[in-house]
Amino acid sequence: MVILLLLAFTLSIPSSDALLKNTSMMSEHFHEKCLQILPTRAKHHASLASLVCGEKITDQELKIDLSKTSLIHIFVVSGSHLLLIDELLSILKIPVYLRFLFLGIYSLLVGWQAPAVRALCGLGVRILLLRKSLPFPNDLIVALTGFGVLTLFPAWWNSLSFLMSWCAALALCWPSLLRIQSSWGRAFVSQISIFLFMSAPLWGLGSLHPLSVIYNLFLAPAVSYILSPLGFIVTALNSLTFVFDFAMDFFIRVLPLLSEPIELKKGITPTIGTLWVWIFSWHLIFHFLRLRLWQGRDSQ
């Protein structure tokens, strides 16, 4: 019912792209500044620009290998970028409101792209609900965030990247729904869920393979916690650029070995409308499973 009300509210708001145009124009200036501060002598300057500033991947071989292994989310702007930065800032004991401000600026630096904005708004929704002491389930927070962003930027109804970001965020809600406590259990269920949930958005794009579960479970965290932080470090300390280049050299040598067993076979992709039905169906499944599994049991 909540989802239907949110959907009706979102669709009833007159469409206007003025806010998106204004923020996108502002972000172009921030994005240029981000590219300008990168160390120009870096051997892997293009990869550094992708990791830090959200620039498109220009190395086609690297792009293909990343697509085959489903590790491309490490190099393109996604919600996981903001989650990683937020986690690193929280380790440094940075207050949540300052983290939100920093991530807002970073979202402008990477071009105000839909996945980053959705993750930023998701953090804002969580802060607001925490302040109001409202214990919303994670999947409902994803729904609130998604419809809130679409209310502000209705053009993103047709954005595949926004839809995929929403789908990935919803997949990560499974461990909390099943109340899995083990960190390894949560990680494993999350990767299985992402593989299942993303099967529709990635259908026909050729980047869906069971090995992606293993790669994302064991390799993605290591790469994310090495390459991404190194990218930010060498941007601030140009003298350490050689460290980033060394790590990228090693990654580029290993990646083709992992992608070799996988073939990209493209086909007919689902329509945007079909994919929205896919997401809303999963929201309903979450709702009824929660009622089935947990309603009335917390007090027992």
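Predicted model: local features only at pLDDT ≥ 70, side-chain atom pairs only at ≥ 80, totals over all residues.
Reader: How many disulfides does the count come to?

Author: The count comes to one disulfide. It joins Cys34 to Cys53, with 2.0 Å from S to S.

Reader: And where in the chain are Cys34 and Cys53?

Author: Cys34 is in helix H2, residues 18-36. Cys53 is in helix H3, residues 45-53. They are 19 residues apart, and the pair links distant parts of the chain.

Reader: Is the link left-handed or right-handed?

Author: The link of Cys34 and Cys53 is left-handed, with -90 degrees about the S-S bond.

Reader: Are Cys34 and Cys53 buried or exposed?

Author: Cys34 is buried, and Cys53 is buried too.

Reader: Then which cysteine sulfur is closest to that of Cys173?

Author: That is the sulfur of Cys167, 11 Å away. Again, this is too far for a bond. Cys173 is buried, because its relative accessible area is 4% and buried means under 20%.

Reader: New topic, the surface. Which residues make the nonpolar patch?

Author: Ile233, Leu237, Leu240 and Phe242 make the patch, which is about 370 Å².

Reader: Where is Leu237 found?

Author: Leu237 is in the loop between helix H12 (211-236) and helix H13 (241-259). Its relative accessibility is 48%, so Leu237 counts as partly exposed.

Reader: On to the charges. Where is Asp245, and is it buried or exposed?

Author: Asp245 sits in helix H13. Asp245 is buried, yet it has no salt bridge.

Reader: Which side chain of opposite charge is nearest to Asp245?

Author: That is Lys43, at 7.2 Å. A salt bridge needs the charged atoms within 4 Å.

Reader: What lies 3.2 Å from a polar atom of the Asp245 side chain?

Author: The backbone nitrogen of His44 does.

Reader: Last one, Glu28. Where is Glu28, and is it buried or exposed?

Author: Glu28 is in helix H2, the helix that also holds Cys34. Glu28 is exposed, with a relative accessible area of 54%.

Reader: How many residues lie between Glu28 and Val125 along the chain, and what separates their C-alpha atoms?

Author: Glu28 and Val125 are 97 residues apart along the chain. Their C-alpha atoms are separated by 26 Å.

Terms used: Residues numbered from 1 in each chain as written. Heavy atoms only, no water. Disulfide = S-S within 2.5 Å. Helix = DSSP H or I, 4+ residues; strand = E, 2+ residues; numbered from the N terminus. Buried < 20%, exposed > 50% of the residue type's maximum accessible area, 1.4 Å probe, protein only. Patch = residues over 30% accessible without salt bridge, like charges linked within 9 Å, V, L, I, M, F, W, Y side chains within 5 Å. Areas by Shrake-Rupley, 256 points an atom, 1.4 Å probe, with all protein chains shown as cover. Lys, Arg positive; Asp, Glu negative; His and termini not counted. Polar contact = N/O pair within 3.5 Å; in protein donor to acceptor, adjacent residues only side chain to side chain.
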